[in-house]
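I opened the model to look up a few positions and how the parts pack. My notes follow in the order in which I took them.

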Amino acid sequence: MSLYFHLRAVPPPALRNSAPWFQRLFEDDWDTVRERIGRHREEVLDKLYGDVELLYCGVPPNHAPEGPRTNVVLGGRPVFHDDPAVPPFLLLTASQVGRVAGYLRSTDFDGLWRDARPQLLRPYDMPETEPVVRGMFAATHRDLTAFYERAAEYGDAVVKWLVA
């Protein structure tokens with residue numbers, strides 16, 4: 001089973017603060033989502049989403065203090081699913097999305113990479129893979145930056161969910 005971490009931008013007037021509504025948001029196909037919320041922007045991280053989180057929050061136990069860094073990937077107010085065995089949804093308000101976009105826009109990827117590099121390369125255990133791995137994280141950083149900047153530009157909130 002593959003796990004994916006989905007992030008969807010939602011205009012605040014369309015947002016419903018309920019687990020069943022969030023469930024439908026992630027079950028619907030893209031066209032249905034566009035109809036319901038007016039426009040659609042989504043980002044999907046594969047099973048390495050936890051490693052992407054390390055890029056922004058630092059190597060445990062030295063996590064970043066609460067703020068934009070901690071909200072990039074796994075941050076947000078939890079909205080619990082009706083089934084306790086299912087991971088909660090995470091919600092970032094429009095103002096939090098704006099702060100995350102500002103953080104990503106101003107951050108230095110090279111600095112993030114330098115700090116997290118040993119931890120991020122450990123699973124690959126081969127020095128020659130570094131350019132490919134670094135490129136993968138750089139592309140994800142660009143995609144997340146574009147996602148959050150667009151969401152902030154429209155004044156959207158962001159809902160996140162770990163989907164199997």
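**Entry 1: Gly-75**

I looked up Gly-75 and found it buried, with a relative accessible area of 7%. Buried here means under 20% relative accessible area, exposed means over 50%, and partly exposed is in between, with a 1.4 Å probe and protein chains only. This is a predicted model, in which local features need pLDDT of at least 70 and side-chain atom pairs count only at pLDDT 80 or more, while totals for chains, interfaces and linings use all residues. Residues are numbered from 1 along each chain as its sequence is written, and side-chain values use heavy atoms, with hydrogens and water left out.

Gly-75 sits in the loop between helix H4 (68-71) and E3. Helices (H or I, at least four residues) and strands (E, at least two) are DSSP runs, numbered from the N terminus. Leaving out residues up to four places away in sequence, I listed Thr-70, Leu-90, Leu-92 and Lys-160 as what Gly-75 touches; contact means heavy atoms within 4.5 Å. I also checked Leu-91, which is 16 residues from Gly-75 along the chain, and the C-alpha atoms of the two are separated by 7.9 Å.

**Entry 2: strand E4**

Next I took strand E4 (89-92). Phe-89 and Leu-91 point one way from E4, Leu-90 and Leu-92 point the other way, and all are buried. E3 and E4 run antiparallel and are joined by three bridges. Two strands pair if DSSP finds at least two bridges between them. Arg-77 has Leu-91 in E4 as its bridge partner.

**Entry 3: the whole sheet**

In what order do the strands of the sheet lie? I read E2-E1-E5-E4-E3, five strands in an open sheet with antiparallel pairing. Strand E2 (42-45) and strand E3 (77-79) are at the edges with a single partner strand each, so one side of each has no neighbour in the sheet. Neighbouring strands of this sheet are turned by 25 degrees against each other on average, direction ignored. For angles in these notes, axes are lines fitted to C-alpha atoms, for helices over the stretch in contact, and angles run from 0 to 180 degrees between N-to-C directions.

Strand E1 (residues 4-10) pairs with strand E5 (residues 157-163) in the antiparallel sense, over seven bridges. Val-10 has Ala-157 in E5 as its bridge partner.

**Entry 4: helices across the sheet**

Helix H1 (residues 19-27) lies across E1, E3, E4 and E5, and runs at about 75 degrees to E5. Phe-26 and Val-159 are 133 residues apart along the chain, with their C-alpha atoms separated by 9.4 Å.

H5 lies across E4 and E5 and runs at about 80 degrees to E4.

**Entry 5: helix pairs with H7**

I then looked at helix H5 (residues 94-106) against helix H7 (residues 130-154), and they pack at an angle of about 140 degrees with axes 8 Å apart. That makes H5 oblique to H7. Angles under 35 degrees count as roughly parallel, over 145 as roughly antiparallel, 65 to 115 as roughly perpendicular and the rest as oblique. The H5 residues in the contact include Val-97 and Leu-104, and the H7 residues include Leu-144 and Tyr-148.

Helix H6 (residues 109-121) packs on H7 at an angle of about 130 degrees, with the axes 11 Å apart. H6 is therefore oblique to H7. Among the residues that meet are Phe-109 and Trp-113 in H6 and Phe-137 and His-141 in H7.

**Entry 6: chain totals**

The protein chain has seven helices and five strands, and from the N terminus on the elements run β-α-α-β-α-α-β-β-α-α-α-β. Buried residues make up 46% of the 164 residues.
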